[in-house]
Amino acid sequence: MVTATPKKKPRFRLHPVALLNSQKLRRSFMDTYEQKSLFKYVIAIILLFLSIGSLFYTNYLVDKLEEREEREVRLYAKSLQYAINSQPGENFTVVMEVIEDAVNFYQIPAIYVDQNGFPQEKINMKFPKNSSRKEQEDIVNKSLAKMKQEHPAIPVEITGLGKGYIYYSNSFLLTQLRLYPFISLFVMLFIGYLAYLAFSSARKAEQNRVWVGLAKETAHQLGTPLSSLMAWVEYFRSEPSIDPSIAEEIEKDVIRLEMITTRFSNIGSVPTMKEEVVADVVSNFISYLEKRVSSKVKFYVSNELANGQTVLMNKNLFEWVIENICKNAVDAMAGVGEINVILQSPPLTKEIRIDISDSGKGMSKANMNKIFNPGFSTKKRGWGLGLTLAKRIIENYHSGKVFVKSSEIGKGTTFRIILNAKIIGEEELKKV
Ligand SMILES: Nc1ncnc2c1ncn2[C@@H]1O[C@H](COP(=O)(O)OP(=O)(O)O)[C@@H](O)[C@H]1O
Ligand SMILES: [Mg+2]
């Protein structure tokens with residue numbers, strides 16, 4: 001006959017080897033996460049080097065081309081000088097043509113200004129169709145001003161009269177070439193961005209499948225032994241030779257296991273949403289939690305919401321969020337301290353805010369950005385999934401938000417959950 005009721009609930013401990021394995025697994029899980037972000041930086045650095053390389057190389061090409069264009073213009077200046085100073089009767093049209101051809105070939109816009117400062121010859125200048133003389137003169141003067149800034153003038157000596165000058169600007173090709181590295185950098189960045197988007201959405205979709213699949217499978221697998229356990233509880237209860245308190249203890253654990261199973265099955269399928277009185281859900285669940293943690297941790301709930309304020313939620317999943325955040329809070333305060341839960345709705349908004357503050361050790365700014373990443377944990381035996389799950393439940397299933405409102409090392413941390421008081425339509429639910 002079994003009579004002794006165990007004073008303390010027996011707890012299962014992981015076998016040391018299993019523990020070692022689980023830690024190894026966690027480390028490799030985190031490693032893959034970090035490797036992925038390392039990969040991102042490697043790609044970014046390669047892109048940067050490629051762009052710098054392309055910039056330098058095009059600059060080199062531009063310099064070469066600039067030298068060549070200058071040579072062509074100088075040659076043109078020389079031939080012009082020769083033509084102006086030639087004796088009547090000399091025929092040099094052919095030479096002139098050849099040289100003009102070269103300048104034309106490179107499409108170098110140039111203007112010859114005579115000794116009196118009047119623009120005489122213009123080559124490779126484009127004027128709009130049907131433009132008047134006046135308009136053309138304006139264009140020439142404007143181009144001239146620009147050319148004077150771009151390159152030093154090339155003198156053309158005119159015997160006995162003084163000096164004329166040739167002004168020119170870069171060819172169209174050269175101007176385009178200068179732009180090229182920037183255009184290519186822009187294109188590269190744009191393609192890089194697109195690739196990043198594609199990869200990250202593929203990764204997210206994959207993560208989603210893993211989450212949902214794993215949760216569904218877990219719920220499914222737990223179902224059978226659970227119903228069998230339930231039958232055993234009934235049997236123990238009806239057996240007079242067994243202490244009824246044993247059946248009671250086992251039933252509590254079975255109920256707890258059932259809750260876990262429901263959570264997993266909810267996460268693995270479209271959860272059913274119901275209007276729930278927020279304050280009731282929170283305070284009932286906090287009382288449930290309070291009994292399960294050290295009595296040196298005090299819980300306080302302060303409700304500033306309107307009486308009976310409801311939110312469309314999946315109670316089971318929402319409680320899971322509260323549990324994850326509160327358990328972290330308990331972990332952060334090494335056994336002693338308090339947890340304050342405040343429920344508020346700022347006037348003129350449809351926001352329901354649930355602030356959960358602890359008097360724990362707080363966290364650094366750097367960690368604050370990482371705590372919602374899967375696998376991030378500062379605990380020896382942490383899996384770093386609690387907050388990832390909380391975020392997923394609040395954002396994907398409740399269209400809400402969860403974040404660290406504030407945290408101070410040595411003082412404590414406040415998490416804030418924001419839910420929508422408005423009714424979520426069927427459409428939004430289907431998206432999940
Ligand atoms: N209330 C808190 N105070 C201080 N640090 C916290 C708090 N809540 C979460 N953290 C930090 O966030 C990390 C991730 O939490 P979680 O995702 O629940 O994973 P785990 O609890 O397994 O470490 C924790 O390891 C801890 O460093
Ligand atoms: Mg946790």
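This is a predicted model: local features need pLDDT of at least 70, side-chain atom pairs count only at pLDDT 80 or more; totals for chains, interfaces and linings use all residues.
Modeller: Asparagine 124 is found in the loop between strand E2 (119-123) and helix H3.

Biologist: What makes the backbone of asparagine 124 stand out?

Modeller: Its phi is near 55°, and that is a positive value in a residue other than glycine.

Biologist: Why is asparagine 124 called partly exposed?

Modeller: Its relative accessibility is 24%. The label covers values between 20% and 50%, so asparagine 124 counts as partly exposed.

Biologist: Which value of phi does serine 399 have, and where does this residue lie?

Modeller: Phi of serine 399 is near 45°, again positive in a residue other than glycine. Serine 399 sits in the loop between H9 and strand E10 (401-408). With a relative accessible area of 33%, serine 399 is partly exposed.

Biologist: Let us turn to the charged pairs. How do you know that glutamate 66 and arginine 178 form a salt bridge?

Modeller: Their closest N and O atoms are 3.2 Å apart. The criterion asks for a side-chain nitrogen of Lys or Arg within 4 Å of a carboxyl oxygen of Asp or Glu, so a separation of this kind qualifies.

Biologist: Why can this pair be said to tie parts of the chain together?

Modeller: Glutamate 66 belongs to helix H1 (residues 16-84) and arginine 178 to helix H4 (residues 172-238), so the bridge ties together parts that are 112 residues apart in sequence. Both partners are partly exposed: glutamate 66 has 21% relative accessibility, and arginine 178 has a relative accessible area of 35%.

Biologist: What places lysine 134 and aspartate 138 about one turn of a helix apart?

Modeller: Both lie in helix H3 (residues 133-150), at a spacing of 4 residues.

Biologist: Why do lysine 134 and aspartate 138 carry separate accessibility labels?

Modeller: Lysine 134 has 53% relative accessibility; exposed means over 50%, and lysine 134 therefore counts as exposed. Aspartate 138, at 37%, counts as partly exposed.

Biologist: Is glutamate 323 buried or exposed, and why?

Modeller: The relative accessible area of glutamate 323 is 4%. Buried means under 20%, so glutamate 323 is buried. Its salt-bridge partner is arginine 256, with the closest N and O atoms 3.2 Å apart. Glutamate 323 lies in helix H7 and arginine 256 in helix H5 (residues 244-267), so this pair ties together parts that are 67 residues apart in sequence. Arginine 256 is partly exposed, at 23%.

Biologist: What makes a network of residues such as Arg256 and Glu323?

Modeller: Salt bridges that share partners join Arg256, Arg263, Glu323 and Lys327 into one network. The search of the whole structure finds 15 salt bridges.

Biologist: We come to the ligand. How do you know that aspartate 358 makes a polar contact with ligand 1?

Modeller: An N or O atom in the side chain of aspartate 358 is 2.8 Å from a nitrogen atom of ligand 1. The limit for such a contact is 3.5 Å, so the pair qualifies. Serine 377 places a polar side-chain atom 2.6 Å from an oxygen atom of ligand 1. For lysine 379, the distance from a side-chain N or O atom to an oxygen atom of ligand 1 is 2.7 Å.

Biologist: How much of ligand 1 does the protein bury?

Modeller: Taken alone, ligand 1 exposes 530 Å², and the protein buries 92% of that.

Biologist: What makes up the shell around ligand 1?

Modeller: The shell holds 19 residues, with Asn328, Asp358, Ser377, Thr378 and Lys379 the closest. By type they divide into 9 nonpolar, 8 polar and 2 charged. Helix H7 (315-332), helix H9 (386-398) and strand E11 (412-420) each supply at least two of the shell residues, and H7 gives the largest share, 3 residues.

Biologist: What is the overall secondary structure of the protein, and how much of the protein is buried?

Modeller: There are 10 helices and 11 strands, and buried residues make up 35% of the 432 residues. The accessible surface comes to about 27800 Å², with 59% belonging to carbon and sulfur atoms.

Definitions and conventions: Residues are numbered from 1 along each chain as its sequence is written. Chains are lettered from A and ligands numbered from 1 in the order in which they are written. Side-chain values use heavy atoms; hydrogens and water are left out. A residue is near a molecule or strand if one of its heavy atoms lies within 4 Å of it. A polar contact is a pair of N or O atoms within 3.5 Å; within protein, one must be able to donate a hydrogen and the other to accept it, and residues adjacent in sequence count only if both atoms are side-chain atoms. Accessible areas come from the Shrake-Rupley method with a 1.4 Å probe; for residues, only the protein chains shown count as cover. Ala, Val, Leu, Ile, Met, Phe, Trp, Tyr, Cys and Pro count as nonpolar, Asp, Glu, Lys and Arg as charged, and the others, Gly among them, as polar. Buried means under 20% relative accessible area, exposed over 50%, partly exposed in between (1.4 Å probe, protein chains only).
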